[in-house]
Each structure stands twice: as C-alpha cells, then as structure tokens.
Amino acid sequence: MQDFAAIDFETANGERSSVCSVGVVVVRGGEVCDRFYSLIQPEPNYYTWFCQRVHGLGPSDTDSAEVFPKVWARVAPLIEGLPLVAHNSPFDEGCLRAVMRVYQMDWPDYRFYCTCRAARRKLKFLPNHQLHTVAEACGYNLKNHHHALADAEACAAIAIQLL
C-alpha cells in the first residue's frame, strides 16, 4: 500500500464519541506528504481519570477547542479517496463512526486497514503487538506515545513496511 492516511484518536472517557484529539498522517507514493493534528471538544464533554492518565489531556486543553464537525471539515479533504490505516483499527473506526453519528454526519464509506492485525500475521515473534512494540520492531522510535499525531506517525511507519 503506497497511498493511505494513518489516523489516531484519543478519547476523553469510555464513550467512543468522546474524541478529544486526532492525528492524521497522509502517505503518497510510500512517503509522508502531510500531517494534521487537532484537539477536539469531546462529546460527551467530560474526562475520566483513566483516560487523562493515558494521554495527559483534560478539560483545560479542550474546553476552547473546536467541536468535531469543524475539525473534520479540515481532515476530510486531506484523506479524500484514501484508505485509512490505524493500529487497532476497530477502536479508531468505532470512534469515527460514533462521533459522526452523534453529530448526524454522513459516513463517507471509509475503508480501514489495521496495522495491529498485520503485525500479528507478519511479526508473530513479538511478545505483544502494541503500537510501541511493533513500531520498535519496524525500526521506528515512537516518542510521546498516546499523542494522536505521534501514534499516527508510528502507524504510518508500520503500514509502509507491513501493508
């Protein structure tokens, strides 16, 4: 796969619709050509202790952020016509579907591919198939894990090698 967009969402709480940040890395011809990151005001707008502990974001980060439809209006043109790639794609696709449903947005028939599944097939020797483990096995140094853009960049690096 030479052309795709790697995507990662972070959530504020246990609701998939509560996306509080998004990272997107666009790859064309096997090379990264664009990056996008934004904070998002989550819906529902509250944070659990666990989620804050994972990614470090909280209400003070997103209270003045744009709501999802405004952010997605900037993302959609970047990824138009491209397959989407995520590490554990059922989570990220689930987030996107849920937040689009909350805002009554049409689903544009995005096609998702999963680097975690690909790693389980191709890198069976790994002790686990978490993003940081797979990234390291693919020669990518993931810094700032659980920052949506950093995770999307790692996913893109993995996808270039495995998909």
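## Overall architecture

The protein comprises seven helices and five strands; helices (H or I, at least four residues) and strands (E, at least two) are DSSP runs, numbered from the N terminus. Read from the N terminus on, the order of elements is β-β-β-α-α-α-β-α-β-α-α-α. This is a predicted model, in which local features need pLDDT of at least 70 and side-chain atom pairs count only at pLDDT 80 or more, while totals for chains, interfaces and linings use all residues. Residues are numbered from 1 along each chain as its sequence is written, and side-chain values use heavy atoms, with hydrogens and water left out.

## Dimensions and surface

The C-alpha trace of the protein spans about 40 × 35 × 20 Å along its principal axes. The radius of gyration is 15 Å, which agrees with the value near 15 Å for a compact globule of 163 residues; the radius is taken over C-alpha atoms, and the globule rule is 2.2 Å times the number of residues to the power 0.38.

Of the 163 residues, 49% count as buried. Buried means under 20% relative accessible area, exposed over 50%, and partly exposed in between (1.4 Å probe, protein chains only). The protein exposes about 8,100 Å², of which carbon and sulfur atoms supply 47%; accessible areas come from the Shrake-Rupley method with a 1.4 Å probe, and for residues only the protein chains shown count as cover. Among contacts (heavy atoms within 4.5 Å) between residues at least 6 apart in sequence, 62% join residues at least 24 apart.

The mean positions of the 15 positive and 18 negative charges are 8 Å apart. Here Lys and Arg count as positive and Asp and Glu as negative, with His and the chain ends not counted; the place of a charge is taken as NZ of Lys, CZ of Arg, CG of Asp or CD of Glu.

## Nonpolar cores

A nonpolar core is a set of buried Ala, Val, Leu, Ile, Met, Phe, Trp, Tyr and Cys residues joined through side-chain atoms within 4.5 Å. The largest has 23 residues, and I7, F9, V24, F68, W72 and L96 have the most contacts inside it. At least two residues of this core come from each of β1 (4-11), β2 (19-28), α3 (68-79), β4 (84-86) and α4 (89-102). The most is given by α3, with five residues. Apart from this core lies another, of 13 residues, including A119, L142, A154 and L162.

Neighbours within four places in sequence aside, F9 is in contact with V19, S21, V22, F68, W72, F91, D92, C95 and L96.

## Residue S21 in strand β2

S21 lies in strand β2 and is buried, with a relative accessible area of 1%. Leaving aside neighbours within four places in sequence, the contacts of S21 are D8, F9, E10, Y37, S38, L39, I40, L57 and A148. The C-alpha atoms of S21 and V71 are separated by 9.6 Å, although these residues are 50 residues apart along the chain.

## Backbone features in loops

The peptide bond from E43 to P44 is cis, with omega near 5 degrees. P44 is located in the loop between β3 (31-39) and α1 (49-55).

Positive phi values occur in two residues other than glycine, near 55 degrees for Q104 and near 80 degrees for H146. Q104 lies in the loop between α4 and β5 (112-114) and is exposed, with a relative accessible area of 74%. H146 lies in the loop between α6 (131-137) and α7 (148-162) and is partly exposed, with a relative accessible area of 30%.
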